Amino acid sequence: MATNLIQTGNEINMCVSKEKAISNIIDESINSSMMNVTRSKNTQINSPTKTSKKANVYSLASFVELYDNPKIQNESTIINVSGEKMTLNELFKEANDLNNSSSKSIHIFYGTGKLEKMSKNNEILMIKSDDFPKTIFANLKLVERLNANLIKKYLGTGERVNVYFRGRYDMNDEHPYKPFHDGKVYMDVYFTNM
């Protein structure tokens with residue numbers, strides 16, 4: 001549904017997730033630029049009326065699916081993130097190409113990394129990467145809700161996975177990545193196979 005909306009020039013809103021970790025795309029309102037032609041009883045064509053659709057997309061996995069979808073032109077897609085409109089190409093930023101800058105805008109940072117447990121606390125997942133300037137920490141059990149099989153396969157192996165992190169970047173902070181969901185890093189970290 002989100003793919004169809006984007007292809008017809010409609011808008012996708014990035015929204016704070018409900019307490020679910022699944023990929024969920026929900027159609028919320030009808031009001032922008034799909035043409036609806038109706039016929040009257042005498043078969044004359046009435047003038048077209050404009051309607052538009054907006055979709056609220058919650059999960060990080062859904063945005064990664066949209067970004068990787070070859071049917072979507074990422075440079076022309078309109079995404080609304082906290083009132084700021086951008087393309088998918090503007091939304092996604094390579095983690096190793098931040099040019100030592102900070103941003104107040106929400107982005108999805110991506111790179112590769114290794115998944116490890118913290119030695120002092122086995123419940124903490126560490127995402128270590130040369131692409132990300134600092135290690136990202138998350139609750140292992142909560143992150144497993146998103147990719148249980150992938151985490152079980154790669155955790156502690158030293159093999160790399162694709163890492164996506166949604167939030168803001170503040171180079172002046174000891175923990176520079178600030179999640180989109182306040183205090184819920186597990187909703188803003190996602191992994192895929194390389």
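**Exercise 1. Where is His181 found, between which two strands?**

Before we start, a word on the model: this is a predicted model, in which local features need pLDDT of at least 70 and side-chain atom pairs count only at pLDDT 80 or more, while totals for chains, interfaces and linings use all residues. Residues are numbered from 1 along each chain as its sequence is written, and side-chain values use heavy atoms, with hydrogens and water left out.

*Solution.* 
- Step 1: Look up the strands; helices (H or I, at least four residues) and strands (E, at least two) are DSSP runs, numbered from the N terminus.
- Step 2: His181 sits in the loop between strand E11 (177-179) and strand E12 (189-192).

**Exercise 2. Find out whether His181 is buried or exposed, and which residues it is in contact with**.

*Solution.* 
- Step 1: Recall the cut-offs: buried means under 20% relative accessible area, exposed over 50%, and partly exposed in between (1.4 Å probe, protein chains only).
- Step 2: The relative accessible area of His181 is 3%, so this residue is buried.
- Step 3: Contact means heavy atoms within 4.5 Å. Setting aside neighbours within four places in sequence, His181 is in contact with Val16, Ser17, Arg166, Met187 and Asp188.

**Exercise 3. Trace the salt bridge that Arg166 forms**.

*Solution.* 
- Step 1: A salt bridge is a side-chain nitrogen of Lys or Arg within 4 Å of a carboxyl oxygen of Asp or Glu.
- Step 2: The partner of Arg166 is Asp188, with the closest N and O atoms 2.8 Å apart.
- Step 3: This pair links distant parts of the chain, since Arg166 is in strand E10 and Asp188 in the loop between E11 and E12, 22 residues apart.
- Step 4: Both Arg166 and Asp188 are buried.

**Exercise 4. Work out how E12 pairs with E10 and where its side chains point**.

*Solution.* 
- Step 1: Two strands pair if DSSP finds at least two bridges between them.
- Step 2: Strand E10 (residues 160-169) and E12 pair in the antiparallel sense over four bridges.
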